[in-house]
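Hi,

Here is the structure I promised to pass on to you. Have a look at it first, and my notes follow below.

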Amino acid sequence: MLDFMRELYPVCRSITGEGVRQTLARMRAAGVPLQVHEVPTGTPVFDWTVPPEWNVRRAWLDDPSGRRIVDFSDHSLHVMSYSVPWQGELDLEELKPHLHTLPAHPDWIPYRTSYYTPKWGLCLSHRQYAALRPGKYRVCIDTDLAPGHLSYGELEIPGASTDEILVYSHVCHPSLANDNLSGLAVTLWWAKALLSQPQRRYTYRFVWGPGTIGSLTWLALNRERWPRIRHGLVAVLLGRPGAFHYKRTRSGDAEIDRVAALALREHAPDAVLRDFEPYGYDERQFGSPGIRFNVGRLTRVPNGEYPEYHSSADNLDLVTAEALTGSLEMCRTIAGVLEQNHVFHNLAPFGEPQLGKRGLYRAVGGDVPLEREYAMLWLLNQSDGEHALLDIAERSGLPFGLLASTARELVQAGLLRAGNDAKEGT
Ligand code: ZN
């Protein structure tokens, strides 16, 4: 995952353009057969319109002595995303409104965008800005802002059911590592792991597109798929070490919310659970009142809450292999609980079945039950066709994995039957 990020870090991505295409092509080359969709500029998507495509050839700033002091080829953050083309000479005072810095972190370059207001801008360290002397500066913003396409990647991994788990990760940020090359790496490796599994209960749909306009575009073009989306996760900002933060769906008590809470309680006790708010990433679109998908969001420390956010300090030094691997495992754990959250029926429901004669319970009594024996008692008591494994795990406090493996034992012993009733997968 780190090698993948290292390779793609210098690429200038935005909400459209060659950088996104190059990134999606590299993801395909990693062995994930995603489809690239190209949606023409001007396509209406609900209250929005797919914007012109933006590409950068060159962008630089020369000081009055002719020295090149800012150059896009050094760092993709130097040019404000969606800068309109502009070339010419400016006095320092005329130039200043176009320069963006972070005074609180004088060595960092900020990440700035102006997608929907035609402007140009250059981003540089505040230290460099503070040293600028009066005089004539030469500016070159050699960009294209022209009819083209919005590109997004999509991968369907079929499962036994046509019900889908939707995974979304934004692809629109330039040279920023945690936000969101880390999300692309983790979700790509998650897709790889799913592809290598012999079977899955759910169908998985991965969408890698730009923030906001990308999820809106996918939603607008895929209305027939809406009823199939049962659960979803926006998986982003997953490479910087720090506690997991799970943001609940708009409804707040969807199965994915309960599953994520359980998985985090069991495997990442320092995780933070947050309620939905209409600010953040693409969960806002999935949770809008006309759509109401059950899509939560998994990050480590969220957007805007770590100092390096949206600056050149969000670089490869900020992310670790351990954080990426842990994030991948957490995504797979959450999906694993969803996959195994079945309802069972007790086939000997009149009193407790005699476990000892089936070799399921220790022959010598008097001691407190082992955890596995507790799990059997809970499963037999609660498996009335009404309670799924998640309900039983929540109520008993027993580990979900133990309940799932013990349920399999009880099925083999003829004491439980997996149910296919209305409660299944709700
Ligand atoms: Zn961001």
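A word on terms before the metal site: donors here are N, O and S atoms within 2.8 Å of the metal (3.2 Å for Na, K and Ca), and sites may look incomplete because water is not among the atoms. This is a predicted model, in which local features need pLDDT of at least 70 and side-chain atom pairs pLDDT 80 or more, while totals for chains, interfaces and linings use all residues. Residues are numbered from 1 along each chain as its sequence is written, and side-chain values use heavy atoms, with hydrogens and water left out.

The zinc ion has as protein donors His 173 (NE2), Asp 179 (OD), Tyr 281 (OH) and His 310 (NE2), at 2.1 to 2.4 Å. Along the sequence, these donor residues follow the spacing H-x5-D-x101-Y-x28-H.

Now the helices (DSSP runs of H or I, at least four residues, numbered from the N terminus). H10 (residues 371-382) packs against H12 (residues 400-412) at about 70°, with axes 9 Å apart; axes are lines fitted to C-alpha atoms over the stretch in contact, and angles run from 0 to 180 degrees between N-to-C directions. The two helices, H10 and H12, are therefore roughly perpendicular (65 to 115 degrees).

Finally, the domain assignment, automatic or from a database, gives domain 1 (2-51 + 149-340), domain 2 (54-145) and domain 3 (343-418). The C-alpha centres of domain 2 and domain 3 are 65 Å apart.

Best wishes

Note on methods:
Parallel < 35°, antiparallel > 145°, perpendicular 65-115°, else oblique.
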